[in-house]
Amino acid sequence: MSNTLAPRPVPGTVDADRVTWWPWLRHALVLSGRSVTKMMRHPEQFFDVTLQPALFLVIFVYVLGGAISGNTHDYLQFVLPGIMIQTVLFSTVSIGVNLSTDIKEGVFDRFRSLPIPRSAPLVGATIAECLRYGITIVVSLAMGVLMGFRTSTSPVSVLLGMLMVLAFAWCLCWVSIWLGMIVREAGSVQGLGFLALFPLTFGSSMFASADTMPGWLQTWVKINPVTHLTDAVRGLLTGGPVAEDATIAALTSAVILAVFAPLAVRAYRRKA
Amino acid sequence: MASTVVVMTNHAIHAEGLTKRFGETLALDGVDLSVPHGTVLGVLGPNGAGKTTAVRILATLLQPDAGSATVAGHDVLREPDAVRRAIGLTGQYAAVDEQLTGRENLVLVGRLLDLTRAAAARRAEELLEQFGLTEAADRRTRTYSGGMRRRLDLAASLVGRPEVIYLDEPTTGLDPSKREDMWDVVRELTLQGTTVLLTTQYLEEADALADAISVFDRGRVIAHGTPDELKAIVGGRTLRVRPADPVDLADVTALLARVVGREPEVLKGHASVPVEDSAALAAVVAGLDARGIDVTELALELPDLDEVFFTLTGRNESHEMENVR
Ligand SMILES: Nc1ncnc2c1ncn2[C@@H]1O[C@H](COP(=O)(O)OP(=O)(O)OP(=O)(O)O)[C@@H](O)[C@H]1O
Ligand SMILES: [Mg+2]
C-alpha cells in the first residue's frame, strides 16, 4: 500500500480495536443481531407461533382426537410432532415478506456503502430465523407437554428431533426468500406460501396415518418429504423406526437448499 | 498504470466520462469530476440534474454504463470494497434503521466496519456527543425529527473516519440555524483533511463551503470553477433593504442609488441593487443609521439557482420539477 493512501492515523483507534477473523461470517452475525433486535421489538409476531400450536392442539386433540384415535391422549401422542412441524413450516413464510420490505428501507443504502458482502444482511436474517424457529419448536412442545404429551425416548433423541425440524425449516426458508425476491407484491408471498404449504402439511402423515387414505392420496403422502420428516421426528420423540425416514428427509432438505439458496441469493443481490 | 499513480496522489476523486441511463432518461451524459485531496467540491444543480446518480456511482451503489472513476486511488468498478472502506455516504434520504435507536445504528455501522464491541460503543458515544444526540441516543430513530435523523445519518457515515465523504443535499429541508450547524460540521471535516463532495441546489451553500463548484444540468457539467470565478460569470450579489415603515422606501432607494451608483429596483416594499463588493453594505448601514431609518430586512444575496441557470444556459426553466422517487 502506498503511503499517500494510508488512512490518516486516528487518535484512539489502534489495531487492537479491529477484529479481523472471518469477516464474512462476522458481518452476517452482526446483522443477525440487528434482525433479532427488531424481532424482539415486535413481540406480536410470537403470538401466532404460540397461539397457533395451542389452537391446533385443542382442535385436533379435543375435537377430533377421540373420533380418530378412540381417546384424546393417544391422539395427542400421535399428532404433537406433526403440529410442531406444521407450525414451524408455516412460520417460514414470513421471512420472504420481511426481507423484501426490509431491502426497501433506507438503511440498505448504508449497508451497500459499507465494505461488507452484499448478501450479509440476507445471511444475517436467516441466522436470526433459526432463533425464531427454535422458539416455535420449544413452545409447541411445551404446549403439548402441558396437555399431557410425554416423550418416551432419551433427551438426546428428543433434541435431535427438534434440531431436525429446525434444519428442515431453515432449508425451506430459502424458498420463501426466493419468492419474496421475485414476486412484485410482498403481500402475495404470504398467499403463495400458504397455498404451497397446505398440501405439504395436510397431505402428509401428520394428522392421520396414510393407510386410512384412498390410494391416489397415499401415493402423494408417501412421496411428500414432510411425511418422512414427521415420521422420523415421531420416532425420535415417541419411539419407533427413524433411520430411513430421517435419511430421506435430510436428503430432500439438502436438495431444497442446494436449489433455492443460490436462486435466492442471486435474486437478492439483483434487488438489494 | 503510470497515469493512475498520478491520479492517486493528486486527487481523492477522479471521474471521467461517467454515463448512466435509466430507461429513456439519460441521467449522466459524460461527467468529468476531479477533487483534490482535502478539498470540497460543490455539485450544484436543479432537480433531476444527475447529482444523486453521480454520488451513487462514486459510492459504488450504482455502476456506470460508461466512463470510469477512482476514489482514494481505487477504481469504483474493480475495487469496490477498497472504495467503500475509504468513503462515508450521507445520502439525500437518511440511511438509518428506523426501528433501532440512534446508538444502535452507530454501533451497528462500527461493528460492520470491524471495530470491536468496545471500540464501536466508544465511537458511537463520541459521535452522539459531537452531533448533539446524546439525549435521544436510546430512542428509536423513528421518533427523531428530520434534522435529528439527518445528523444521525451524517454521524453514521463518519464512524469509520473516512478520507472521502459524500453529502447529498445535506441541508435541504433543514431550518436556517440547523443549516449553519451542518456547515460547521463540513468546515470541521475539511480542517481534519477530509475530502468532501457536496451536492446542493443553493449557490449560497456551495459558495460558503466549496473550494470548487461544478454546475450540473441534464446530466452534464455545464460550468466548473472556483466560487469566485462562477460568481464573476453569473453576476455578483444583490443588496436588498426593506424599511420597517414603507414611507421610508423612497429614502432607502435614494440612499442605495447614491452609495452604489446604480438605480435600485423597487418591488413589494423593498429596494434591491446589484453590488460588486461587501463594502457597500457598511456604507448603506451607516447611511440608514444617520437617517434613523429602521429596517426589517437587510441582506446581501447571491443569485438563486434559477438566475444562475438563466445566465449559464439561456434557458428560463432550470427546474424541470421532476419527481425523483
Ligand atoms: N432508479 C432510477 N430509475 C429511473 N430513473 C432514475 C433513477 N434514478 C434517477 N433517475 C432519473 O435520472 C435523472 C437524474 O436523477 P438524480 O436523482 O441523479 O437527480 P438529482 O440531481 O439528484 O435531483 P434532485 O435534486 O431532485 O435530488 C432524473 O431524471 C431521474 O428521474
Ligand atoms: Mg438528488
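Me: How should I read the relative accessibility of B:T52, and as what does this residue count?
Reply: Buried means under 20% relative accessible area and exposed over 50%, with partly exposed in between (1.4 Å probe, protein chains only); at 24%, B:T52 therefore counts as partly exposed, and B:Q92, at 21%, is partly exposed as well. This is a predicted model, in which local features need pLDDT of at least 70 and side-chain atom pairs count only at pLDDT 80 or more, while totals for chains, interfaces and linings use all residues. Residues are numbered from 1 along each chain as its sequence is written, chains are lettered from A and ligands numbered from 1 in the order in which they are written, and side-chain values use heavy atoms, without hydrogens and water.

Me: Which residues coordinate the magnesium ion (ligand 2)?
Reply: Donors are N, O and S atoms within 2.8 Å of the metal (3.2 Å for Na, K and Ca), and sites may look incomplete because water is not among the atoms. Here B:T52 (OG1) and B:Q92 (OE1) coordinate the ion at 1.8 to 2.1 Å. B:T52 lies in helix α2 (residues 51-58) of chain B and B:Q92 in the loop between β6 (87-90) and α4 (102-112) of that chain, so the pair ties together parts 40 residues apart in sequence. Helices (H or I, at least four residues) and strands (E, at least two) are DSSP runs, numbered from the N terminus.

Me: How many cavities of 30 Å³ or more are found, and what lines the largest cavity?
Reply: A cavity is a set of points, on a 1 Å grid over the protein atoms alone, where a 1.4 Å probe fits but cannot get out, and lining residues have an atom within 4 Å of a point. The search finds 3 cavities, and the largest cavity holds about 110 Å³. Of its 15 lining residues, the closest to the centre are A:L114, B:I87, B:G88, B:L113 and B:S157. The largest share of this lining, 3 residues, comes from β6(B).

Note on methods
1 Å grid on protein atoms, 1.4 Å probe; cavity = no way out; pocket = protein on both sides within 12 Å on 5 of 7 lines; lining within 4 Å. Points joined across faces, edges and corners; volume = space filled by probe spheres on them.
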